[in-house]
Amino acid sequence: MLEPLRTAEGAARLVAATVGCPAIVAAWRVQDGRRCCGVASLAICATAAAPKGPPSSIAAADPQSACAEGSSGGDRVGWVSEADVLELLRVRNGEGGVPTPDLINAQGLTLEQLELAAAVLPSVATATRFHCGAMDAAAVGGDGKLLATPDAMRDEIIAALSANEQPKGSVSKAVILNYDMDTLGQHGWSGHLSPIGGYHALTDSFLIADTWPETEPVWAPCEAVWRAACGVDGISARPRGLLVLEMAA
């Protein structure tokens, strides 16, 4: 069962999260372009990585306000917008397979294309994609890695989020989930990309900082996240999964 972050239970899970990323929650915003979920996710992670001193307590005390603040923070120090990311991609003009804004506006991003786009951001040191599902490791292609079980996926996400030093107020590592919304329980929608904002062990659930305009950030059970991440992307013909970003110091 999905639990919206805006509910009392959703807010309580954020406060009690085993691993939380207040900077991701504070940087959250709804995507501008209809196919720009990947671009918006990169912008959120880049914003969350910007040095900004000790984090405000707003994310823990009032996640709804944190989300509202994050949706309109264009004048905030360190704020990275969707337009900023698209401009970086435009300058590359498809070099090295980096997706262009025209391609993104036409079809969105696959997990592989998201990895290439992330490498263009000055705030990203490394980007590593993990495909979810029981399959031949060679099928993931290139430098992709395989997560064969829900436990392996959970461990990878927790390890990445645990690398963040919360007193610093910004993230050292971030995780973007590539999943099928309908399979997750958000019926009527399909492939999507959104950052993960935390993990709550008691309910074994992840906070998905959903960027889609018609839905909202939710806590989703690990098993549901696993099923949604195992679906095959219609463009890449590979399972979906995760992109783990190591942010530049």
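Helices and strands here are DSSP runs, numbered from the N terminus. The model is predicted.

**View 1. T110 sits in a loop between two helices.** The loop joins α7 (101–107) and α8 (111–118). T110 counts as buried because its relative accessibility is 4%, and buried means under 20%. Leaving aside neighbours within four places in sequence, T110 is in contact with D233, I235 and S236.

**View 2. E112 and R238 form a salt bridge.** The N to O distance is 2.7 Å. E112 lies in helix α8, and R238 in the loop between α11 (222–230) and β9 (241–247), so the pair ties together parts that are 126 residues apart in sequence. E112 is buried at 12% relative accessibility. R238 is partly exposed at 26%.

**View 3. E214 meets R34 in a salt bridge.** Their side chains come to 3.3 Å, N to O. The pair links distant parts of the chain, 180 residues apart. E214 is in the loop between β7 (205–208) and β8 (218–221). R34 is in the loop between α2 (22–27) and α3. E214 is partly exposed, at 44%, and so is R34, at 46%.

**View 4. M153 belongs to the largest nonpolar core.** This core has 65 residues. I24, L42, M153 and L245 have the most contacts inside it. Helix α3 (residues 37–49) gives the largest share, nine residues. Not counting residues up to four places away in sequence, M153 touches C132, L147, F206, C222, V225, W226 and L242.

Note on methods: Residues are numbered from 1 along each chain as its sequence is written. This is a predicted model: local features need pLDDT of at least 70, side-chain atom pairs count only at pLDDT 80 or more; totals for chains, interfaces and linings use all residues. Side-chain values use heavy atoms; hydrogens and water are left out. A nonpolar core is a set of buried Ala, Val, Leu, Ile, Met, Phe, Trp, Tyr and Cys residues joined through side-chain atoms within 4.5 Å. Buried means under 20% relative accessible area, exposed over 50%, partly exposed in between (1.4 Å probe, protein chains only). Helices (H or I, at least four residues) and strands (E, at least two) are DSSP runs, numbered from the N terminus. Contact means heavy atoms within 4.5 Å. A salt bridge is a side-chain nitrogen of Lys or Arg within 4 Å of a carboxyl oxygen of Asp or Glu.
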